[in-house]
Amino acid sequence: MRRCWGKYVLTGVVIAILAGCQSRPTDRGQQYKDGRLEQPLALVNEPNATGKPVNAGDFVNQVTEIKNASPALYARNQDIFQAIQRWMQAGADTRNLSQFGLNAWQMEGVDNFGNVQFTGYYTPVVQARYTRQCEFQHPLYGMPAPNKKSRRLPDRAGIYAGALGERNVLAWTNSLMDNFFMEVQGSGYVDFGDGRPLTFFAYGGKNGHAYRSIGNVLIDRGEVPKEEMSMQAIRNWCETHSEYAVRELLEQNPSFVFFKPMSSAPVKGASAVPLIAKASVASDRSLIPPGTALLAEVPLLNNEGKFTGRYEMRMMVALDVGGAIKGQHFDIYQGIGHEAGHAAGYYNHYGRVWVLKNNVASSFGTTSLLMQSAAR
């Protein structure tokens with residue numbers, strides 16, 4: 001009897017273990033090959049990964065942009081950048097990092113199994129005119145002065161209703177959704193259709209109201225399943241609903257972004273450094289300071305945004321920030337225009353990341369990062 005009981009217990013344990021393994025999601029690139037990680041950054045002798053960075057040239061170009069635009073930031077990370085370039089020139093074998101004076105610190109991920117969240121952002125290009133005409137009915141605004149009586153700017157619904165008038169209108173576009181996604185990205189290029197070079201509209205400020213995710217609104221309403229939510233899913237929903245319904249949805253987010261036109265400017269992040277597509281990321285600065293070099297194993301998606309089962313290694317630098325980018329989460333800059341927007345719109349997947357530090361600075365730098373993380 002005891003023997004049979006023990007057999008049942010053992011069987012139950014095995015089933016529980018198998019069920020636990022099967023319950024771990026893998027549809028968005030999650031992996032579980034490194035076991036459980038118990039700290040934000042863990043020193044490893046060498047990354048448990050194969051392959052070499054596919055974007056060595058872009059990484060070198062990004063480092064050059066840092067050197068030219070921010071000599072101080074470059075100086076703080078010069079030794080690391082140069083060591084990484086020597087490592088890549090020698091074949092970029094992850095087993096040989098220590099030979100070039102580099103240590104790899106693996107990030108624990110959002111689930112303590114090394115699965116770091118990746119999302120994407122891009123720089124849109126919108127069509128506009130200088131005056132209101134034909135289909136160009138949707139205004140892009142510059143930052144207005146606050147109302148002297150209320151000392152507060154109107155919310156999105158008020159702005160859509162005309163509370164700001166036309167005094168601060170910078171351009172008129174043909175798509176309310178394009179305007180909204182340009183707000184989400186924080187900047188964009190505007191094509192006025194007159195043959196002139198594109199005008200860069202930089203971030204110019206906010207109205208001071210709290211941000212609310214319209215993606216979460218659609219999930220809460222049962223309009224889009226949580227597991228299918230993406231920027232592309234939001235755009236698809238809007239394309240199949242009336243202008244009234246789209247406006248009502250957007251008004252659920254009271255926050256509103258204003259812009260500042262610049263005649264000619266490269267796309268820069270919060271570090272004031274021009275960004276190279278897929279070689280720069282936005283990060284949580286309390287954990288990953290600007291200039292941090294990252295070796296990332298990024299999941300590859302197909303044209304429909306589904307994980308293909310394959311990954312590629314990339315070298316990237318943390319050069320930007322984002323209001324929704326917290327902790328073990330990176331926003332990968334995808335580039336400019338529709339194709340970049342298509343890729344960015346689907347990205348909400350997981351990969352592994354190793355912070356690269358030189359041997360001398362690794363201990364001090366990571367101790368500082370861990371203290372900052374614990375204080376959050």
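**Entry 1**

I looked up Phe256 and found it buried, at 4% relative accessibility. I use buried for under 20% relative accessible area, exposed for over 50% and partly exposed for what lies in between, with a 1.4 Å probe and protein chains only. The model is predicted, so I take local features at pLDDT of at least 70 and side-chain atom pairs only at pLDDT 80 or more, while totals for chains, interfaces and linings use all residues. Residues are numbered from 1 along each chain as its sequence is written, and side-chain values use heavy atoms, with hydrogens and water left out.

Phe258 is also buried, with a relative accessible area of 0%.

**Entry 2: aromatic pairs**

I count 12 aromatic pairs in the structure. Rings of Phe, Tyr and Trp (its six-membered ring) pair if their centres lie within 6.5 Å; planes under 30 degrees apart are stacked, over 60 edge-to-face, and the rest tilted. For Phe59 and Phe81 the ring centres are 6.3 Å apart and the planes stand at 75 degrees, so I log this pair as edge-to-face. Phe59 lies in helix 2 (residues 56-69) and Phe81 in helix 3 (residues 71-89), so the pair ties together parts 22 residues apart in sequence. I take helices (H or I, at least four residues) and strands (E, at least two) as DSSP runs, numbered from the N terminus. Phe59 and Phe81 are both buried. The pair of Phe256 and Phe258 is tilted, with 5.3 Å centre to centre and 50 degrees between the planes.

I also checked for a charge over a ring, which requires NZ of Lys or CZ of Arg within 6 Å of the ring centre and within 35 degrees of the ring normal. Arg24 lies over the face of Phe113, 4.5 Å from the ring centre.

**Entry 3: strand 2**

How many of the 6 residues of strand 2 (residues 102-107) are buried? I found 6 of the 6, so the strand is largely enclosed by the rest of the structure. In a regular strand, side chains alternate between the two faces of the sheet. Here Leu102, Ala104 and Gln106 point one way, Asn103, Trp105 and Met107 point the other way, and all are buried.

I next traced the pairing, where two strands pair if DSSP finds at least two bridges between them. Strand 1 (residues 41-44) pairs with strand 2 in the antiparallel sense over 4 bridges. Ala42 has Gln106 as its bridge partner in strand 2. Strand 2 also pairs with strand 14 (residues 348-358), antiparallel and over 5 bridges. On that side, I noted Lys357 of strand 14 as the bridge partner of Asn103.

**Entry 4: positive phi**

Most residues other than glycine have a negative phi. I logged Cys134, which is not a glycine, with a positive phi of about 45 degrees. Cys134 is in the loop between strand 4 (125-129) and strand 5 (138-141). With a relative accessible area of 64%, Cys134 is exposed.

Ala272 has a positive phi as well, near 65 degrees. I place Ala272 in the loop between strand 9 (257-262) and strand 10 (280-282). Ala272 is partly exposed, at 41% relative accessible area. Gly269 is found in the loop between strand 9 and strand 10, and Gly269 counts as buried at 13% relative accessibility. From Gly269 to Ser280 I have 9.0 Å, C-alpha to C-alpha, for 11 residues in sequence.

**Entry 5: Cys238**

I found Cys238 in helix 7 (residues 231-239). Cys238 is buried at 6% relative accessibility. Its C-alpha atom is 10.0 Å from that of Leu250, 12 residues apart along the chain.

**Entry 6: the second largest pocket**

On a 1 Å grid over the protein atoms alone, a pocket is an open set of points where a 1.4 Å probe fits, with protein on both sides within 12 Å along at least five of seven lines; lining residues have an atom within 4 Å of a point. Grid points are joined across faces, edges and corners, and a volume is the space filled by probe spheres set on the points. I have about 420 Å³ for the second largest pocket. Its lining has 18 residues, with Lys278, Leu301, Gln334, Ala343 and Tyr347 nearest the centre. Strand 11 (293-301), strand 12 (307-320), strand 13 (329-336) and helix 9 (338-346) each give two or more residues to this lining. Which element gives the largest share? Helix 9 does, with 5 residues. By class, I list 9 nonpolar, 5 polar and 4 charged residues in the lining. Ala, Val, Leu, Ile, Met, Phe, Trp, Tyr, Cys and Pro count as nonpolar, Asp, Glu, Lys and Arg as charged, and the others, including Gly, as polar.
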